[in-house]
Amino acid sequence: MDVRDLTVAQVMSRTLVAVEPDESPLMAWEIMRRAGVRHLPVVDRRGCLRGVLTREDLTGRWSGGPAEQSCARVHRLLAERRCPHTTLGARLADAAESMIGAGVDAIAVLGESNRLVGMVTATDVLRAVAGRITGTQDSPELMTGMFRLVPVMPWDQEE
């Protein structure tokens, strides 16, 4: 299949790790580190996209220590940023053009009601160009897994 004919639905990453807008930058960093991802969608409780954080967003705004970063909220890091996005039926070439135009290496994929259903990353584009596509256009249902790590604080055994 010619890469120019591919759609976003055929190449996007479907299993995502996400955080809510009121999460702390410290927890967002830890989630990214543990999941081994460079892009972290920020979604509300309904699954609607609010933005996408990158490692650079977090490190570029890091100030103070863990206590300060635990009190801040990730939605403040997204306040002045535009969030490029695309749809399932869009051509991969158009999504790649949007990524280039926005200066980003990942773009969110939105389904019905602006709900996040996937992401197209630069790695996904490279896989498509190399002929290593894992998704199919004829899938009856797109399953997007959104996982959230919840910190577990060790309790003090002396109490």
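A: Start with one residue. Leu110 sits in strand β5. Keep in mind that this is a predicted model.

Q: Is Leu110 buried or exposed?
A: Check the relative accessibility against the cut-off. Buried means under 20%. Leu110 has 8% relative accessibility, so it counts as buried.

Q: Which residues does Leu110 touch?
A: Leave out residues up to four places away in sequence. Leu110 then touches Leu49, His85, Thr86, Thr87, Leu88, Arg115, Leu116 and Val117. Take His85 from that list. Leu110 and His85 are 25 residues apart in sequence, and their C-alpha atoms are 6.9 Å apart in space.

Q: What share of the contacts in the protein links residues 24 or more positions apart?
A: Take the contacts with a separation of 6 or more. Residues 24 or more positions apart account for 61% of them.

Q: What is the overall layout, and how many helices and strands are there?
A: The protein has seven helices and seven strands. From the N terminus the order is α-β-α-β-β-α-α-α-β-α-β-β-α-β. Of the 159 residues, 39% are buried.

Q: How do I find the buried side of a helix?
A: Use the helix repeat. An α-helix has 3.6 residues a turn, so residues three or four places apart point the same way. Now apply that to α6. Its buried residues are Leu92, Ala95, Ala96 and Met99. Seen down the axis of α6, they fall within an arc of 100°, so they line one face of the helix. The face turned away from the buried side carries the exposed residues Glu97 and Gly101.

Q: What covers the buried residues of α6?
A: The cover includes α1, β4 (85–87), β5, β6 and α7. After α6 comes Gly103, with a positive phi near 70°.

Q: Which residues of α2 are buried?
A: In α2 (residues 25–35) they are Pro25, Met27, Ala28, Ile31 and Met32. Their arc around the axis is only 160°, which puts them on the same side of α2. Gly36 follows α2, and its phi is positive, near 70°.

Q: How do I read a nonpolar core?
A: In soluble globular proteins, nonpolar side chains tend to be buried together. Here the largest nonpolar core has 14 residues. Val8, Met12, Leu92, Val109 and Val120 touch the most other members. The elements giving two or more residues to this core are α1 (8–11), α6 (92–102), β5 (106–110), β6 (116–121) and α7 (122–129). α6 gives the most, with three residues.

Q: What about charged residues? Where is Arg14, and what does its side chain reach?
A: Arg14 is in the loop between α1 and β1 (15–17). Arg14 is buried yet has no salt bridge. The nearest side chain of opposite charge is Asp124, 8.5 Å away. The side chain of Arg14 does reach the backbone oxygen of Ala9, at 2.4 Å.

Q: Which side chain makes a polar contact with Asp44?
A: Asp44 lies in the loop between β2 (39–43) and β3 (49–54). Its relative accessible area is 12%, so Asp44 is buried. The side chains of Asp44 and Arg46 are joined by a polar contact of 2.9 Å. Not counting residues up to four places away in sequence, Asp44 touches Pro21 and Arg50.

Key
Residues numbered from 1 in each chain as written. Predicted model: local features only at pLDDT ≥ 70, side-chain atom pairs only at ≥ 80, totals over all residues. Heavy atoms only, no water. Buried < 20%, exposed > 50% of the residue type's maximum accessible area, 1.4 Å probe, protein only. Helix = DSSP H or I, 4+ residues; strand = E, 2+ residues; numbered from the N terminus. Arc of directions from axis to C-beta. Core = buried A, V, L, I, M, F, W, Y, C linked by side-chain atoms within 4.5 Å. Contact = heavy atoms within 4.5 Å. Polar contact = N/O pair within 3.5 Å; in protein donor to acceptor, adjacent residues only side chain to side chain. Lys, Arg positive; Asp, Glu negative; His and termini not counted. Salt bridge = Lys/Arg side-chain N within 4 Å of Asp/Glu carboxyl O.
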